[in-house]
Amino acid sequence: MLLSVLYIIGITAEAMTGALSAGRRNMDWFGVMLVASATAIGGGTVRDILLGHYPLGWVKHPEFLAITCVAGVLTTGLAKWIIKFKGVFIRLDALGLVVFTIIGTNVGLGMGLHPFICIVSGLVTGVFGGLLRDLICRQTPLVLHQELYASISVIAACLYLVLLEYGVSTLTTTIVTLVIGYTLRMAAVRFKWRLPSFHLDSEEAVH
């Protein structure tokens, strides 16, 4: 129940951020709904296709697709107000990242997959929506060069699996993973934590 509520909040917030990206590219309403939906439920869709987990989440629950489309369209009229609450959306995005990661990890567990694949399942669910948004909007994927993001998803998935392995209840494991994952993500934003970057000049690449 907890994850279901947080999931709906998460996809709504992600859909709105996707709609804002579409607006910066002057897309029409169809484009807005496409980007909003890709951002919110694209990660789960990619995960299900890769793992052969059918039906797809939004096919089984079409209301999730409806929520993302409505949220996207509403954002076109509330954009100026939404932008003022950027901090709130950063926090919701951090929470959504961990929620999506937990859900993806659970899908892998439910399919009886190897723990490593469960972690990948959580990672794909958590970050691929943002990747799809940036690719559609022709932007450099933020997840690849901003503060720790994908790394937080991996940490959250590992923590979730370890706690379950040690016999901690599912509810407690979920809450602990949410708190620690969210805290780490917000700390990364606050203190600009990043992985080392690889810089290669074009002249060096030639030689």
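## A walk through the helices

Start by selecting Thr68, which is found in helix H4 (residues 62–84); helices here are DSSP runs of H or I with at least four residues, numbered from the N terminus. You're looking at a predicted model, where local features need pLDDT of at least 70, side-chain atom pairs count only at pLDDT 80 or more, and totals for chains, interfaces and linings use all residues. Residues are numbered from 1 along each chain as its sequence is written, and side-chain values use heavy atoms, with hydrogens and water left out.

Is Thr68 buried or exposed? Its relative accessible area is 0%, so Thr68 is buried (buried means under 20%, exposed over 50%, partly exposed in between, with a 1.4 Å probe and protein chains only). Now show the side chain of Ser37: a polar contact of 2.9 Å joins it to the side chain of Thr68. A polar contact is a pair of N or O atoms within 3.5 Å; within protein, one must be able to donate a hydrogen and the other to accept it, and residues adjacent in sequence count only if both atoms are side-chain atoms.

**Along H2**

Next, select helix H2, residues 29–51. At its start, find Asp28, where a side-chain oxygen comes within 3.2 Å of the backbone nitrogen of Phe30. Slide along to Ile41, where H2 bends by about 60°; the bend is the angle between axes fitted to the seven residues ending there and the seven starting there. End to end, the C-alpha atoms of H2 are 32 Å apart, which agrees with the 33 Å that its 23 residues should span at 1.5 Å a residue (the expected span is 1.5 Å times one less than the number of residues).

Just after H2, click on Gly52, which takes a positive phi of about 70°. Then move to Pro55, in the loop between H2 and helix H3 (57–60). The peptide bond from Tyr54 to Pro55 is cis, with omega near 0°.

**Two salt bridges**

How many salt bridges does a search of the whole structure find? Two, counting a side-chain nitrogen of Lys or Arg within 4 Å of a carboxyl oxygen of Asp or Glu.

- Select Arg47 and Asp48: their closest N and O atoms are 2.9 Å apart, and both residues are buried.
- Select Arg133 and Asp134: here the closest N and O atoms are 3.0 Å apart, and again both residues are buried.

Most residues other than glycine have a negative phi, and most peptide bonds are trans. With that in mind, go to Asn26, in the loop between H1 and H2. Asn26 isn't a glycine, yet has a positive phi of about 55°. Its relative accessibility is 71%, so Asn26 counts as exposed.

Now jump to Lys192, in the loop between H8 and helix H9 (202–206). Lys192 isn't a glycine either, and its phi is positive at about 60°. At 54% relative accessibility, Lys192 counts as exposed.

**Last stop: a nonpolar patch**

Which helix gives the largest share of the patch? Helix H8 (residues 170–191), with five residues. Leu2 lies in helix H1 (residues 2–24), and is partly exposed, with a relative accessible area of 37%.

Notes
Helix = DSSP H or I, 4+ residues; strand = E, 2+ residues; numbered from the N terminus.
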